[in-house]
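Here are some exercises to work through with the model open beside you. Try each task yourself before you read the solution.

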Amino acid sequence: MQVDLAVVEEDLDRRMGIFGACTSNMLNMIGVGPFLSIPLILVAVHGSKVLLAWILGAAISLCDGLVWAELGSAMPYSGGPYFYLRHAFGAQTYGRAASFLVLWSSVLTAPLLIASGAVGFSQYFHYLRPSVHDAGLCALAMAVCLINVVLLYRRITTISAISIGLWILVVGTIVWIIIGGAEHIPSALRAQIGGGYPVLDSAFWKGVGAATLIAVYDYAGYYNVCLIGAELKRPERTIPYSIIVSILMVAILYIAMNLAILGVLPVQQSMHSSAIVADFMQTVYGAKSARVADVLILVASFASVFAILLGYSRIPFAAAKQGEFFSIFAKLHPTKDFPHISLVILGVLSACACMLSLSTLISLVIVIQAMIQFLAQCVAVVLLRRRHTEEDNSTFLMPLYPLPVVIAFVGWLLVLISTGARDILIAFAMTLIGVAAFLYKSRQEQRWPFEII
(Lines give C-alpha, C1' and ligand atoms only; values in the text may rest on other atoms or scores of the structure.)
Protein backbone atom coordinates (compact mmCIF):
# COMPACT_ATOMS: atom_id res chain seq x y z
CA MET A 1 0.00 0.00 0.00
CA GLN A 2 2.89 2.32 -0.76
CA VAL A 3 1.69 5.87 -1.32
CA ASP A 4 3.29 8.23 -3.78
CA LEU A 5 3.01 11.60 -2.06
CA ALA A 6 5.34 14.55 -2.22
CA VAL A 7 7.62 14.52 0.78
CA VAL A 8 7.23 17.83 2.58
CA GLU A 9 9.52 17.15 5.53
CA GLU A 10 12.73 16.87 3.57
CA ASP A 11 14.49 19.24 6.00
CA LEU A 12 13.76 17.10 9.05
CA ASP A 13 16.28 14.57 10.33
CA ARG A 14 15.44 10.84 10.35
CA ARG A 15 17.41 10.01 13.47
CA MET A 16 15.00 8.39 15.96
CA GLY A 17 15.20 4.59 16.04
CA ILE A 18 12.71 1.98 17.17
CA PHE A 19 13.71 2.18 20.84
CA GLY A 20 13.24 5.95 20.90
CA ALA A 21 9.93 5.52 19.06
CA CYS A 22 8.68 2.95 21.60
CA THR A 23 9.65 5.17 24.52
CA SER A 24 7.89 8.15 22.92
CA ASN A 25 4.69 6.11 22.51
CA MET A 26 4.82 4.70 26.02
CA LEU A 27 5.43 8.12 27.57
CA ASN A 28 2.31 9.32 25.79
CA MET A 29 0.35 6.30 27.06
CA ILE A 30 1.54 6.21 30.68
CA GLY A 31 0.74 9.63 32.02
CA VAL A 32 -0.95 10.24 35.32
CA GLY A 33 -4.11 8.54 33.95
CA PRO A 34 -3.68 4.94 35.16
CA PHE A 35 -2.64 6.11 38.63
CA LEU A 36 -5.82 8.17 39.00
CA SER A 37 -8.28 5.96 37.10
CA ILE A 38 -7.80 2.61 38.88
CA PRO A 39 -10.46 3.47 41.50
CA LEU A 40 -12.83 4.64 38.73
CA ILE A 41 -12.54 1.31 36.94
CA LEU A 42 -13.07 -0.57 40.20
CA VAL A 43 -16.21 1.43 40.91
CA ALA A 44 -17.55 0.75 37.39
CA VAL A 45 -17.27 -3.03 37.84
CA HIS A 46 -18.17 -2.95 41.55
CA GLY A 47 -14.72 -4.20 42.50
CA SER A 48 -14.86 -7.45 40.53
CA LYS A 49 -13.57 -8.62 37.15
CA VAL A 50 -11.43 -5.51 36.68
CA LEU A 51 -8.98 -7.63 34.72
CA LEU A 52 -11.59 -8.09 31.98
CA ALA A 53 -11.81 -4.33 31.40
CA TRP A 54 -8.04 -3.97 31.01
CA ILE A 55 -7.88 -6.91 28.58
CA LEU A 56 -10.77 -5.59 26.47
CA GLY A 57 -9.22 -2.13 26.47
CA ALA A 58 -5.93 -3.57 25.27
CA ALA A 59 -7.70 -5.55 22.53
CA ILE A 60 -9.52 -2.47 21.19
CA SER A 61 -6.31 -0.42 21.36
CA LEU A 62 -4.34 -3.10 19.55
CA CYS A 63 -6.91 -3.28 16.74
CA ASP A 64 -6.90 0.50 16.35
CA GLY A 65 -3.11 0.43 16.62
CA LEU A 66 -2.99 -1.90 13.62
CA VAL A 67 -4.99 0.68 11.65
CA TRP A 68 -2.44 3.34 12.58
CA ALA A 69 0.44 0.95 11.84
CA GLU A 70 -0.71 0.21 8.31
CA LEU A 71 -1.43 3.84 7.49
CA GLY A 72 1.77 5.07 9.12
CA SER A 73 3.93 2.51 7.32
CA ALA A 74 2.46 3.57 3.96
CA MET A 75 2.77 7.31 4.71
CA PRO A 76 5.68 7.84 7.11
CA TYR A 77 5.36 11.62 7.30
CA SER A 78 5.20 14.00 10.23
CA GLY A 79 1.58 14.95 10.86
CA GLY A 80 0.53 11.46 9.71
CA PRO A 81 -3.31 11.62 10.01
CA TYR A 82 -3.37 14.69 7.79
CA PHE A 83 -1.88 12.62 4.96
CA TYR A 84 -3.86 9.42 5.65
CA LEU A 85 -7.29 10.95 5.05
CA ARG A 86 -6.12 13.27 2.28
CA HIS A 87 -4.87 10.40 0.16
CA ALA A 88 -7.62 7.91 1.04
CA PHE A 89 -10.53 10.21 0.17
CA GLY A 90 -8.94 12.01 -2.78
CA ALA A 91 -6.16 14.58 -2.54
CA GLN A 92 -7.99 17.17 -4.66
CA THR A 93 -11.59 16.51 -3.59
CA TYR A 94 -13.09 15.05 -0.42
CA GLY A 95 -9.63 14.26 0.91
CA ARG A 96 -8.91 17.99 1.11
CA ALA A 97 -11.95 18.46 3.33
CA ALA A 98 -11.15 15.40 5.46
CA SER A 99 -7.51 16.37 5.98
CA PHE A 100 -8.47 19.97 6.76
CA LEU A 101 -10.85 18.71 9.46
CA VAL A 102 -8.07 16.53 10.93
CA LEU A 103 -5.88 19.61 11.08
CA TRP A 104 -8.76 21.60 12.53
CA SER A 105 -9.43 18.98 15.21
CA SER A 106 -5.72 18.68 16.00
CA VAL A 107 -5.34 22.40 16.59
CA LEU A 108 -8.41 22.25 18.86
CA THR A 109 -7.67 19.03 20.72
CA ALA A 110 -3.87 19.11 21.02
CA PRO A 111 -3.91 21.92 23.61
CA LEU A 112 -6.75 20.14 25.46
CA LEU A 113 -4.87 16.83 25.49
CA ILE A 114 -1.59 18.41 26.56
CA ALA A 115 -3.38 20.43 29.23
CA SER A 116 -5.07 17.27 30.59
CA GLY A 117 -1.65 15.84 31.42
CA ALA A 118 -0.54 19.10 33.01
CA VAL A 119 -3.75 19.40 35.08
CA GLY A 120 -3.34 15.77 36.17
CA PHE A 121 0.18 16.68 37.27
CA SER A 122 -1.12 19.55 39.39
CA GLN A 123 -3.85 17.39 40.95
CA TYR A 124 -1.39 14.73 42.03
CA PHE A 125 0.92 17.45 43.30
CA HIS A 126 -1.94 18.48 45.55
CA TYR A 127 -1.64 15.12 47.31
CA LEU A 128 1.91 16.11 48.29
CA ARG A 129 1.08 19.73 49.14
CA PRO A 130 -2.57 19.94 50.27
CA SER A 131 -2.04 23.58 51.27
CA VAL A 132 -1.72 24.71 47.63
CA HIS A 133 -4.94 26.43 46.50
CA ASP A 134 -6.71 26.06 43.15
CA ALA A 135 -5.10 29.18 41.66
CA GLY A 136 -1.66 27.86 42.52
CA LEU A 137 -2.43 24.46 40.99
CA CYS A 138 -3.65 26.12 37.79
CA ALA A 139 -0.44 28.17 37.60
CA LEU A 140 1.59 25.00 38.16
CA ALA A 141 -0.20 23.22 35.29
CA MET A 142 0.52 26.18 32.98
CA ALA A 143 4.17 26.10 34.01
CA VAL A 144 4.39 22.38 33.14
CA CYS A 145 3.26 23.17 29.57
CA LEU A 146 5.74 26.00 29.13
CA ILE A 147 8.66 24.08 30.64
CA ASN A 148 8.04 21.29 28.15
CA VAL A 149 8.20 23.82 25.31
CA VAL A 150 11.67 24.73 26.53
CA LEU A 151 12.71 21.05 26.75
CA LEU A 152 11.45 20.36 23.21
CA TYR A 153 13.15 23.40 21.74
CA ARG A 154 16.01 21.33 20.34
CA ARG A 155 17.03 18.68 17.77
CA ILE A 156 15.17 15.36 17.57
CA THR A 157 18.32 13.40 18.53
CA THR A 158 18.49 15.19 21.88
CA ILE A 159 14.72 14.71 22.32
CA SER A 160 15.15 10.96 21.77
CA ALA A 161 17.70 10.83 24.60
CA ILE A 162 15.37 12.80 26.91
CA SER A 163 12.49 10.46 26.01
CA ILE A 164 14.52 7.39 26.91
CA GLY A 165 15.57 8.91 30.25
CA LEU A 166 11.99 9.81 31.17
CA TRP A 167 10.81 6.38 30.00
CA ILE A 168 13.22 4.68 32.42
CA LEU A 169 11.75 6.67 35.32
CA VAL A 170 8.13 6.05 34.28
CA VAL A 171 8.48 2.31 33.71
CA GLY A 172 10.68 2.03 36.79
CA THR A 173 7.86 3.47 38.91
CA ILE A 174 5.37 0.87 37.69
CA VAL A 175 7.90 -1.96 38.10
CA TRP A 176 8.52 -0.80 41.68
CA ILE A 177 4.79 -1.00 42.37
CA ILE A 178 4.60 -4.47 40.81
CA ILE A 179 7.56 -5.74 42.82
CA GLY A 180 5.98 -4.42 46.03
CA GLY A 181 2.90 -6.59 45.52
CA ALA A 182 4.42 -9.41 43.46
CA GLU A 183 3.80 -12.12 46.04
CA HIS A 184 0.10 -11.21 46.10
CA ILE A 185 -0.41 -11.23 42.31
CA PRO A 186 -1.30 -14.97 42.06
CA SER A 187 -4.06 -14.71 44.67
CA ALA A 188 -5.42 -11.52 43.06
CA LEU A 189 -5.41 -13.24 39.67
CA ARG A 190 -7.33 -16.23 41.02
CA ALA A 191 -9.91 -13.87 42.49
CA GLN A 192 -10.33 -12.11 39.14
CA ILE A 193 -10.76 -15.21 36.99
CA GLY A 194 -12.61 -17.38 39.50
CA GLY A 195 -16.34 -17.59 40.06
CA GLY A 196 -17.37 -17.36 36.41
CA TYR A 197 -19.03 -14.46 34.62
CA PRO A 198 -22.71 -13.44 34.78
CA VAL A 199 -23.14 -13.65 31.01
CA LEU A 200 -26.83 -12.72 31.08
CA ASP A 201 -26.50 -9.88 33.58
CA SER A 202 -26.89 -6.66 31.62
CA ALA A 203 -25.86 -4.51 34.60
CA PHE A 204 -22.56 -6.40 34.81
CA TRP A 205 -21.75 -5.86 31.14
CA LYS A 206 -22.77 -2.22 31.34
CA GLY A 207 -20.22 -1.81 34.13
CA VAL A 208 -17.57 -3.66 32.13
CA GLY A 209 -18.28 -1.38 29.18
CA ALA A 210 -17.86 1.75 31.27
CA ALA A 211 -14.63 0.40 32.77
CA THR A 212 -13.32 -0.59 29.33
CA LEU A 213 -13.80 2.94 28.03
CA ILE A 214 -11.68 4.29 30.88
CA ALA A 215 -9.05 1.65 30.11
CA VAL A 216 -9.02 2.65 26.44
CA TYR A 217 -8.31 6.23 27.47
CA ASP A 218 -5.39 5.02 29.61
CA TYR A 219 -3.98 3.08 26.64
CA ALA A 220 -4.30 6.06 24.27
CA GLY A 221 -1.07 7.46 22.87
CA TYR A 222 0.28 4.40 21.04
CA TYR A 223 -0.01 6.39 17.79
CA ASN A 224 2.35 9.20 18.86
CA VAL A 225 5.08 7.83 16.60
CA CYS A 226 2.87 8.42 13.53
CA LEU A 227 2.94 12.15 14.22
CA ILE A 228 6.74 12.32 13.86
CA GLY A 229 7.13 9.86 10.96
CA ALA A 230 9.57 12.06 9.03
CA GLU A 231 12.04 11.95 11.92
CA LEU A 232 12.25 8.15 12.21
CA LYS A 233 14.84 5.72 10.91
CA ARG A 234 13.31 3.07 8.62
CA PRO A 235 9.79 4.31 9.39
CA GLU A 236 8.08 1.54 7.39
CA ARG A 237 9.28 -0.85 10.12
CA THR A 238 9.72 1.46 13.09
CA ILE A 239 6.13 2.73 13.04
CA PRO A 240 4.22 -0.60 13.09
CA TYR A 241 6.58 -2.42 15.42
CA SER A 242 6.81 0.44 17.91
CA ILE A 243 2.99 0.69 18.04
CA ILE A 244 2.48 -3.04 18.61
CA VAL A 245 5.31 -3.36 21.13
CA SER A 246 4.15 -0.27 23.04
CA ILE A 247 0.58 -1.54 23.42
CA LEU A 248 1.66 -5.03 24.52
CA MET A 249 4.24 -3.75 27.01
CA VAL A 250 1.87 -1.20 28.54
CA ALA A 251 -0.91 -3.81 28.77
CA ILE A 252 1.38 -6.15 30.71
CA LEU A 253 2.48 -3.33 33.03
CA TYR A 254 -1.08 -2.11 33.65
CA ILE A 255 -2.47 -5.58 34.36
CA ALA A 256 0.42 -6.54 36.65
CA MET A 257 0.16 -3.21 38.52
CA ASN A 258 -3.58 -3.63 39.05
CA LEU A 259 -3.16 -7.18 40.35
CA ALA A 260 -0.35 -6.10 42.67
CA ILE A 261 -2.47 -3.31 44.16
CA LEU A 262 -5.62 -5.45 44.45
CA GLY A 263 -3.61 -8.18 46.12
CA VAL A 264 -2.51 -5.79 48.89
CA LEU A 265 -5.32 -3.27 49.42
CA PRO A 266 -8.92 -4.24 50.27
CA VAL A 267 -11.27 -3.64 47.35
CA GLN A 268 -13.44 -1.16 49.25
CA GLN A 269 -10.42 0.92 50.21
CA SER A 270 -9.14 0.86 46.62
CA MET A 271 -12.51 1.93 45.21
CA HIS A 272 -12.62 5.07 47.36
CA SER A 273 -8.93 6.00 47.40
CA SER A 274 -7.96 9.43 46.05
CA ALA A 275 -4.27 8.44 45.89
CA ILE A 276 -4.33 4.69 45.46
CA VAL A 277 -0.65 4.29 44.63
CA ALA A 278 0.35 6.31 47.68
CA ASP A 279 -1.95 4.17 49.85
CA PHE A 280 -0.45 1.02 48.35
CA MET A 281 3.16 2.15 48.79
CA GLN A 282 2.51 3.24 52.37
CA THR A 283 1.03 -0.18 53.18
CA VAL A 284 3.95 -2.05 51.61
CA TYR A 285 6.97 0.19 52.22
CA GLY A 286 5.94 2.98 54.62
CA ALA A 287 5.21 6.73 54.45
CA LYS A 288 8.56 7.82 53.02
CA SER A 289 8.29 5.43 50.07
CA ALA A 290 4.74 6.66 49.44
CA ARG A 291 6.05 10.20 49.04
CA VAL A 292 8.79 9.01 46.70
CA ALA A 293 6.16 7.21 44.62
CA ASP A 294 4.12 10.43 44.46
CA VAL A 295 7.14 12.25 43.04
CA LEU A 296 7.72 9.53 40.44
CA ILE A 297 4.08 9.71 39.36
CA LEU A 298 4.55 13.45 38.87
CA VAL A 299 7.46 12.57 36.58
CA ALA A 300 5.19 10.23 34.63
CA SER A 301 2.58 12.91 34.03
CA PHE A 302 5.25 15.47 33.12
CA ALA A 303 6.76 13.01 30.63
CA SER A 304 3.34 12.45 29.05
CA VAL A 305 2.99 16.19 28.38
CA PHE A 306 6.46 16.10 26.83
CA ALA A 307 5.60 13.28 24.42
CA ILE A 308 2.18 14.66 23.38
CA LEU A 309 3.49 18.16 22.69
CA LEU A 310 6.32 16.67 20.62
CA GLY A 311 3.95 14.73 18.36
CA TYR A 312 1.18 17.25 17.86
CA SER A 313 3.49 20.16 17.12
CA ARG A 314 4.34 18.40 13.83
CA ILE A 315 0.78 18.29 12.41
CA PRO A 316 0.25 22.03 11.69
CA PHE A 317 3.83 22.12 10.41
CA ALA A 318 3.20 19.36 7.85
CA ALA A 319 0.01 21.00 6.58
CA ALA A 320 1.59 24.45 6.37
CA LYS A 321 4.46 23.05 4.28
CA GLN A 322 1.85 21.98 1.72
CA GLY A 323 0.16 25.38 1.77
CA GLU A 324 -2.95 24.02 3.54
CA PHE A 325 -2.48 26.02 6.74
CA PHE A 326 -1.02 29.31 7.88
CA SER A 327 2.51 29.65 6.52
CA ILE A 328 3.98 30.69 9.88
CA PHE A 329 3.56 27.09 11.11
CA ALA A 330 5.91 25.88 8.34
CA LYS A 331 8.94 27.69 9.73
CA LEU A 332 11.88 25.55 10.86
CA HIS A 333 14.41 26.66 13.43
CA PRO A 334 17.33 28.14 11.43
CA THR A 335 19.99 25.94 13.06
CA LYS A 336 18.24 23.07 14.89
CA ASP A 337 15.84 21.93 12.13
CA PHE A 338 12.55 21.55 14.02
CA PRO A 339 9.17 23.35 13.67
CA HIS A 340 9.71 25.86 16.46
CA ILE A 341 6.78 28.20 15.71
CA SER A 342 4.24 25.36 15.76
CA LEU A 343 5.76 24.09 19.01
CA VAL A 344 5.57 27.46 20.75
CA ILE A 345 1.99 28.22 19.62
CA LEU A 346 0.64 24.85 20.78
CA GLY A 347 2.55 25.16 24.04
CA VAL A 348 1.03 28.55 24.81
CA LEU A 349 -2.50 27.40 23.87
CA SER A 350 -2.03 24.35 26.12
CA ALA A 351 -1.10 26.58 29.03
CA CYS A 352 -4.30 28.57 28.48
CA ALA A 353 -6.39 25.36 28.34
CA CYS A 354 -5.18 24.44 31.84
CA MET A 355 -7.95 26.67 33.20
CA LEU A 356 -10.49 23.92 32.32
CA SER A 357 -11.23 20.95 34.59
CA LEU A 358 -9.57 17.59 33.95
CA SER A 359 -12.89 15.81 33.28
CA THR A 360 -13.89 18.44 30.72
CA LEU A 361 -10.53 18.24 28.97
CA ILE A 362 -10.57 14.44 28.72
CA SER A 363 -14.18 14.21 27.55
CA LEU A 364 -13.80 16.83 24.81
CA VAL A 365 -10.59 15.30 23.52
CA ILE A 366 -12.07 11.80 23.24
CA VAL A 367 -15.29 12.89 21.52
CA ILE A 368 -13.67 15.27 19.02
CA GLN A 369 -10.94 12.82 18.03
CA ALA A 370 -13.32 9.88 17.67
CA MET A 371 -15.87 11.87 15.68
CA ILE A 372 -13.51 13.60 13.26
CA GLN A 373 -10.44 11.39 12.99
CA PHE A 374 -10.44 7.86 14.40
CA LEU A 375 -13.63 6.62 12.75
CA ALA A 376 -12.54 8.18 9.45
CA GLN A 377 -9.17 6.42 9.64
CA CYS A 378 -10.88 3.03 9.88
CA VAL A 379 -12.67 3.86 6.62
CA ALA A 380 -9.43 5.21 5.11
CA VAL A 381 -7.48 2.00 5.63
CA VAL A 382 -10.22 0.03 3.85
CA LEU A 383 -10.18 2.41 0.87
CA LEU A 384 -6.39 2.23 0.61
CA ARG A 385 -6.42 -1.57 0.85
CA ARG A 386 -8.63 -1.70 -2.24
CA ARG A 387 -5.88 0.08 -4.17
CA HIS A 388 -3.15 -2.23 -2.88
CA THR A 389 -1.30 -4.26 -5.53
CA GLU A 390 0.95 -7.29 -5.28
CA GLU A 391 3.96 -5.07 -6.01
CA ASP A 392 3.29 -2.97 -2.92
CA ASN A 393 5.16 -5.25 -0.52
CA SER A 394 7.38 -2.76 1.28
CA THR A 395 4.83 -1.60 3.84
CA PHE A 396 3.18 -3.23 6.82
CA LEU A 397 -0.19 -4.93 6.29
CA MET A 398 -2.24 -5.80 9.37
CA PRO A 399 -2.98 -9.48 10.03
CA LEU A 400 -6.56 -10.83 10.05
CA TYR A 401 -7.79 -7.92 7.94
CA PRO A 402 -10.55 -6.61 8.08
CA LEU A 403 -11.37 -7.89 11.61
CA PRO A 404 -9.13 -5.37 13.46
CA VAL A 405 -10.72 -2.52 11.48
CA VAL A 406 -14.23 -3.63 12.40
CA ILE A 407 -13.35 -3.97 16.09
CA ALA A 408 -11.67 -0.55 16.16
CA PHE A 409 -14.62 1.10 14.37
CA VAL A 410 -17.17 -0.41 16.75
CA GLY A 411 -14.99 0.49 19.72
CA TRP A 412 -14.89 4.18 18.78
CA LEU A 413 -18.65 4.18 18.22
CA LEU A 414 -19.08 2.87 21.75
CA VAL A 415 -16.82 5.67 22.99
CA LEU A 416 -19.12 8.23 21.40
CA ILE A 417 -22.28 6.55 22.69
CA SER A 418 -20.93 6.43 26.24
CA THR A 419 -20.22 10.16 26.45
CA GLY A 420 -22.68 12.87 27.39
CA ALA A 421 -24.91 14.68 24.92
CA ARG A 422 -23.33 18.03 25.82
CA ASP A 423 -19.84 16.99 24.70
CA ILE A 424 -21.17 15.37 21.53
CA LEU A 425 -23.02 18.58 20.65
CA ILE A 426 -19.89 20.66 21.32
CA ALA A 427 -17.82 18.37 19.11
CA PHE A 428 -20.47 18.44 16.38
CA ALA A 429 -20.60 22.25 16.53
CA MET A 430 -16.81 22.45 16.26
CA THR A 431 -16.94 20.12 13.27
CA LEU A 432 -19.51 22.32 11.53
CA ILE A 433 -17.37 25.38 12.19
CA GLY A 434 -14.42 23.50 10.69
CA VAL A 435 -16.47 22.64 7.60
CA ALA A 436 -17.48 26.29 7.26
CA ALA A 437 -13.84 27.38 7.60
CA PHE A 438 -12.80 24.90 4.90
CA LEU A 439 -15.50 26.09 2.52
CA TYR A 440 -14.58 29.74 3.14
CA LYS A 441 -10.88 29.05 2.53
CA SER A 442 -11.64 27.03 -0.62
CA ARG A 443 -13.90 29.74 -1.99
CA GLN A 444 -11.25 32.40 -1.40
CA GLU A 445 -8.68 30.29 -3.24
CA GLN A 446 -11.21 29.05 -5.85
CA ARG A 447 -10.30 25.44 -5.12
CA TRP A 448 -12.54 22.37 -4.79
CA PRO A 449 -15.53 22.50 -4.51
CA PHE A 450 -15.47 26.07 -5.90
CA GLU A 451 -12.77 25.66 -8.54
CA ILE A 452 -13.39 27.28 -11.91
CA ILE A 453 -13.21 24.71 -14.71
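**Exercise 1. In which helix does Gln-369 lie?** Then decide whether Gln-369 is buried or exposed, and find what it touches.

Solution, step by step. Keep in mind that you're looking at a predicted model.

- Step 1: Find the helix. Gln-369 lies in α16.
- Step 2: Check the accessibility. Gln-369 has a relative accessibility of 5%. The cut-off for buried is under 20%, so Gln-369 counts as buried.
- Step 3: Look for partners. Skipping neighbours within four places in sequence, you'll find Gln-369 in contact with Thr-109, Leu-113, Tyr-223, Tyr-312 and Phe-374.

**Exercise 2. How many cavities of 30 Å³ or more does a search of the whole structure find, and which residues line the largest cavity?**

Solution, step by step. Here's the idea behind the search: rolling a probe the size of a water molecule over the atoms shows where empty space is left.

- Step 1: Count. The search turns up one cavity of 30 Å³ or more.
- Step 2: Get its volume. The largest cavity comes out at about 110 Å³.
- Step 3: List the lining. Gln-369 from Exercise 1 is back, together with Leu-113, Leu-213, Val-216, Tyr-217, Ala-220, Tyr-223, Val-365, Ile-366, Phe-374, Trp-412 and Val-415.
- Step 4: Sort by element. α9, α16 and α17 each give two or more residues to this lining, and α16 has the largest share, with four.

**Exercise 3. What is the volume of the largest pocket, and which element gives the most to its lining?**

Solution, step by step.

- Step 1: Read off the volume. The largest pocket has about 910 Å³.
- Step 2: Go to the lining. There are 35 lining residues, and Ser-37, Leu-40, Ile-214, Tyr-217 and Ile-362 lie nearest the centre of the pocket.
- Step 3: Trace the helices. Those that give two or more residues are α1 (18-29), α2 (33-44), α5 (94-128), α9 (202-219), α13 (287-312), α16 (358-386) and α17 (403-418).
- Step 4: Pick the top contributor. That's α2, with six residues.
- Step 5: The lining has 19 nonpolar residues, 15 polar and one charged.

**Exercise 4. Which residues line the second largest pocket, and how do they divide by class?**

Solution, step by step.

- Step 1: Start with the space. The second largest pocket holds about 170 Å³.
- Step 2: Name the residues. They are Phe-100, Trp-104, Gly-323, Glu-324, Phe-325, Phe-326, Ala-437, Lys-441 and Glu-445.
- Step 3: Find the elements. α5 and α18 (421-445) supply at least two residues each, and α18 gives the most, with three.
- Step 4: Sort them. Five are nonpolar, one is polar and three are charged.

**Exercise 5. Where is Thr-238 found, and what lies 2.6 Å from a polar atom of its side chain?**

Solution, step by step.

- Step 1: Thr-238 is in helix α10 (residues 235-264).
- Step 2: Check burial. With a relative accessible area of 5%, Thr-238 is buried.
- Step 3: Look around the side chain. The backbone oxygen of Lys-233 is the atom 2.6 Å away from that polar atom of Thr-238.

**Exercise 6. How far apart in sequence and in space are Ser-24 and Leu-310, and how far apart are Ile-178 and Asn-258?**

Solution, step by step.

- Step 1: Take Ser-24, which lies in helix α1 and is buried at 1% relative accessibility.
- Step 2: Compare sequence and space. Ser-24 and Leu-310 are 286 residues apart in sequence, but their C-alpha atoms are 9.0 Å apart.
- Step 3: Repeat for Ile-178, in helix α7 (residues 156-180). Ile-178 is buried too, at 15%.
- Step 4: Ile-178 and Asn-258 are 80 residues apart in sequence and 8.4 Å apart from C-alpha to C-alpha.

Methods
Residues numbered from 1 in each chain as written. Predicted model: local features only at pLDDT ≥ 70, side-chain atom pairs only at ≥ 80, totals over all residues. Heavy atoms only, no water. 1 Å grid on protein atoms, 1.4 Å probe; cavity = no way out; pocket = protein on both sides within 12 Å on 5 of 7 lines; lining within 4 Å. Points joined across faces, edges and corners; volume = space filled by probe spheres on them. Nonpolar A, V, L, I, M, F, W, Y, C, P; charged D, E, K, R; others polar. Buried < 20%, exposed > 50% of the residue type's maximum accessible area, 1.4 Å probe, protein only. Polar contact = N/O pair within 3.5 Å; in protein donor to acceptor, adjacent residues only side chain to side chain. Contact = heavy atoms within 4.5 Å.
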